[in-house]
Amino acid sequence: MNYAEQSAYSDPGAHAALLDELPSDIAELTAVIRNLLIHYRGGGIEFTGHRLEEINHRWVEAMLATDQRRNGTPLATPREPADRIVGCCRDYTLLMVSALRHKGIPARSRVGFSSYFAPGFHHDHVVVEYWNDDRWVLLDAELEPAEHWGFDVHDIPKGKFDSAAEVWRAFRAGEIDGDVYGVDPSLPFKGGWFIRDYVFLQLAHLQRDELLLWDGWGAMADDLEMDLTPTDELAALLIASDAGDETATTKLRDRYREDPDLHPGDRVLVHSPSGTPPAFVDLNTRQKVDAP
């Protein structure tokens with residue numbers, strides 16, 4: 001898998017020239033990313049209507065188009081918080097991945113759960129992983145570097161973020177309470193079924209299909225009323241691949257291509273937190289379509 005090349009989702013398209021002037025320093029680059037985005041739930045502003053719909057920007061090209069319509073200035077030029085693109089952790093990550101790939105640096109998005117936002121709960125999260133010519137480094141492009149995090153957000157240590165596959169394995173072994181893994185303790189989007197669906201999201205992102213966190217396809221479900229052995233096998237392959245097992249990496253690639261339950265195909269069902277009714281989106285035309 002060539003993570004130095006843009007995917008359909010990370011490709012800036014007509015706005016590629018905007019990335020030419022971005023800094024190469026990681027800290028400076030993440031500062032630019034934070035200048036472009038504001039989190040729809042954690043940014044301190046309550047967005048509604050068409051502004052909240054910006055969270056459904058699936059492609060970097062669409063994000064940059066929105067930014068340029070609104071601001072029309074180089075990406076490093078300061079934006080007021082209300083003028084930033086409304087998004088979530090996936091969008092901070094995808095923009096950072098796009099900028100790194102534009103510079104020829106291998107980068108990918110990692111889907112899982114973080115332990116550093118609130119005591120006792122593991123929030124679903126997407127972070128950046130890039131190759132620094134020596135090793136893969138995890139970084140959180142959403143966070144302002146600050147002492148209160150207790151670690152370097154540009155080099156996340158082991159234990160602060162766990163992949164969905166690792167969490168699923170621990171859940172299946174009875175080592176964790178699934179209800180402390182999800183979107184928020186106050187919301188129903190948590191537990192074993194939620195962790196399971198994120199295993200499929202993790203696989204898709206590693207195959208350079210950096211889908212929205214509320215996209216649904218294939219074997220995803222909102223319960224655990226099925227044979228869980230295939231998910232166990234998939235999680236084991238993801239963990240082995242992360243550990244450097246090339247055979248596991250090849251198996252994942254082949255299964256993703258061949259098994260319609262694992263990849264989204266031409267369309268996904270979007271359950272957007274913006275409140276719009278669930279709708280199918282054609283990933284080729286980028287338009288809403290009728291149910292198949």
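Q: What makes a set of grid points a pocket rather than a cavity?
A: A pocket is an open set with protein on both sides within 12 Å along at least five of seven lines, whereas in a cavity the probe cannot get out. This model is predicted. Its largest pocket has a volume of about 1200 Å³.

Q: What makes a residue part of the lining of the largest pocket?
A: The test is an atom within 4 Å of a point. The lining here has 42 residues. Tyr40, Asp124, Val183, Tyr198 and Trp214 lie nearest the centre.

Q: Which elements give two or more residues to that lining?
A: The helices are H2 (26-36), H5 (89-102) and H7 (192-206). The strands are E1 (37-39), E3 (107-118), E4 (121-131) and E8 (215-216). H7 gives the most, with five residues.

Q: How do the residues of this lining divide by class?
A: There are 23 nonpolar, nine polar and ten charged residues.

Q: What lines the second largest pocket, and which residues are closest to its centre?
A: This pocket holds about 700 Å³ of space. Of its 30 lining residues, Arg108, Arg110, Glu129, Ser241 and Asp242 are the closest to the centre. Elements giving two or more residues include E3, H7, helix H8 (229-242) and helix H9 (246-258). H9 gives the most, with five.

Q: Why are E8 and E9 called paired?
A: Pairing needs at least two bridges. E8 and E9 have two, so they qualify, and they run antiparallel. Asp215 has Val270 of E9 as its bridge partner. E9 also pairs with strand E10 (residues 279-282), antiparallel, over four bridges. There Val270 has Ala279 as its partner.

Q: Which face of E9 is covered?
A: The covered face of E9 (residues 267-270) is Val268 and Val270. Arg267 and Leu269 form the uncovered one.

Q: What makes residues of H4 buried, and which are they?
A: Buried means under 20% relative accessible area. In H4 (residues 60-70), Val60, Met63, Leu64, Ala65, Thr66, Asp67 and Gln68 are buried. Their cover includes helix H1 (17-20), H2, strand E2 (85-87) and H5. Just after H4, Gly72 takes a positive phi of about 65 degrees.

Definitions and conventions
Residues numbered from 1 in each chain as written. Predicted model: local features only at pLDDT ≥ 70, side-chain atom pairs only at ≥ 80, totals over all residues. Heavy atoms only, no water. 1 Å grid on protein atoms, 1.4 Å probe; cavity = no way out; pocket = protein on both sides within 12 Å on 5 of 7 lines; lining within 4 Å. Points joined across faces, edges and corners; volume = space filled by probe spheres on them. Nonpolar A, V, L, I, M, F, W, Y, C, P; charged D, E, K, R; others polar. Buried < 20%, exposed > 50% of the residue type's maximum accessible area, 1.4 Å probe, protein only. Contact = heavy atoms within 4.5 Å.
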